Amino acid sequence: MSLSSKHQCREIITKAVCGKGRKFSTVTHTVTPPNNPTSILGAWIINHQYEAVAAGDGIEVIGTYDANIWYSYDKNSQTDVAKETVSYVERVPLSYLDPKHRASTVEVSAEATQEPSCVEASVSSNGKSVILRVEREYSVELIAETKVMVKVCGHNHGDYEDKEFDFIGGEDGDYADLEFEDLEDEL
């Protein structure tokens, strides 16, 4: 069996993005300060740390952050800051997944597209704790080895002298200095 010299296809194994996902979530935390709060003067999230791990058909973002609440107590005559470290696991489903990736080569990454931030803080109905509403968003990628098919051109397909090329997506001057002879020499 011989391969046609005109058109050949080859499988190339390469590392590629084989899965992607994104998730926005709103969560509620209850923090109980040492004194019964009268009113909330401020609330913020700091010291956010996280990592991503593969989990079945999704990616889990595992992390922690500190919730700080500045509040008044004793009928608004005193103030204090309550601090609590919050641990979480956020499961991000993959909206796209290449089923032919090599599972043994999987690497995952996550990016906080919206860092956790407190969007609302209020005193609970029993008056003993503070309820925080926190928003956060993550974008994740699954990177692995996979196969791609490429067309291999024969030896006569390297003659660019009599061809015209139309480059799309650039300004007119972007390709003014492009020399095809130089590109041919580098191959």
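**Reading burial, strands and salt bridges**

Analyst: Asp 57 is exposed, with a relative accessible area of 53%. The cut-off matters here: exposed means over 50%. Keep in mind that this is a predicted model.

User: What does Asp 57 form a salt bridge with?

Analyst: Start with the general idea. Side chains of opposite charge can pair when their charged atoms come close. In this structure, the partner of Asp 57 is Arg 91, and their closest N and O atoms are 2.8 Å apart. Asp 57 sits in the loop between β2 and β3, while Arg 91 sits in strand β4, so the pair ties together parts 34 residues apart in sequence. Arg 91 is partly exposed, at 35% relative accessibility.

User: How many salt bridges does the structure hold?

Analyst: Eight salt bridges are present. One of them joins the side chains of Glu 11 and Lys 147, at 3.5 Å from N to O. Glu 11 belongs to strand β1 and Lys 147 to strand β7, so this pair ties together parts that are 136 residues apart in sequence.

User: Is Glu 11 buried or exposed?

Analyst: Glu 11 is exposed, at 52% relative accessible area. Lys 147 is partly exposed, at 47%.

User: What does Glu 90 form a salt bridge with?

Analyst: Lys 23 is the partner of Glu 90, with the closest N and O atoms 3.0 Å apart. This pair also links distant parts of the chain: Glu 90 is in strand β4 and Lys 23 in strand β1, 67 residues apart. Glu 90 counts as buried because its relative accessibility is 6%. Lys 23 is partly exposed, at 27%.

User: Which residues are linked in a network of salt bridges?

Analyst: Lys 23, Glu 90 and Arg 136 make up such a network.

User: Let us step back. How many helices and strands does the protein chain have?

Analyst: Count the elements, then read their order. There is one helix, and there are seven strands. From the N terminus, the order is β-β-β-β-β-β-β-α.

User: What share of the 187 residues is buried?

Analyst: Buried residues make up 28% of the protein chain. The accessible surface comes to about 12,600 Å², and 47% of that belongs to carbon and sulfur atoms.

User: Of the contacts between residues at least 6 apart in sequence, what percentage join residues at least 24 apart?

Analyst: The figure is 75% for this chain.

User: Which residues form the nonpolar patch on the surface?

Analyst: The patch is formed by Leu 41, Trp 44, Ile 46, Trp 70 and Val 81. Together they have about 410 Å² of accessible area. Strand β2 (residues 37-55) gives the largest share, three residues. Take Ile 46, which is in strand β2. Ile 46 is partly exposed, at 34%.

User: Loops next. Where does Ser 124 lie?

Analyst: Ser 124 is in the loop between β6 (107-123) and β7 (130-153). Buried means under 20% relative accessible area. Ser 124 has 11%, so this residue counts as buried. Not counting residues up to four places away in sequence, Ser 124 touches Ser 129 and Ile 131.

User: Is Lys 75 buried or exposed?

Analyst: Lys 75 is exposed, at 79% relative accessibility. This residue lies in the loop between β3 and β4. Lys 75 and Thr 38 are 37 residues apart along the chain, yet their C-alpha atoms are separated by 6.0 Å.

User: How many disulfides does the structure hold?

Analyst: A disulfide is a covalent bond between the sulfur atoms of two cysteines. Here there are zero. Compare two cysteines by their accessibility. Cys 9 is exposed, at 57%, whereas Cys 18 is buried, at 1%.

How values were computed
Residues are numbered from 1 along each chain as its sequence is written. This is a predicted model: local features need pLDDT of at least 70, side-chain atom pairs count only at pLDDT 80 or more; totals for chains, interfaces and linings use all residues. Side-chain values use heavy atoms; hydrogens and water are left out. Helices (H or I, at least four residues) and strands (E, at least two) are DSSP runs, numbered from the N terminus. Buried means under 20% relative accessible area, exposed over 50%, partly exposed in between (1.4 Å probe, protein chains only). Contact means heavy atoms within 4.5 Å. Accessible areas come from the Shrake-Rupley method with a 1.4 Å probe; for residues, only the protein chains shown count as cover. Patches are made of residues with over 30% relative accessible area and no salt bridge: like charges are joined within 9 Å, nonpolar side chains (Val, Leu, Ile, Met, Phe, Trp, Tyr) within 5 Å. A salt bridge is a side-chain nitrogen of Lys or Arg within 4 Å of a carboxyl oxygen of Asp or Glu. A disulfide is a pair of cysteine sulfur atoms within 2.5 Å.
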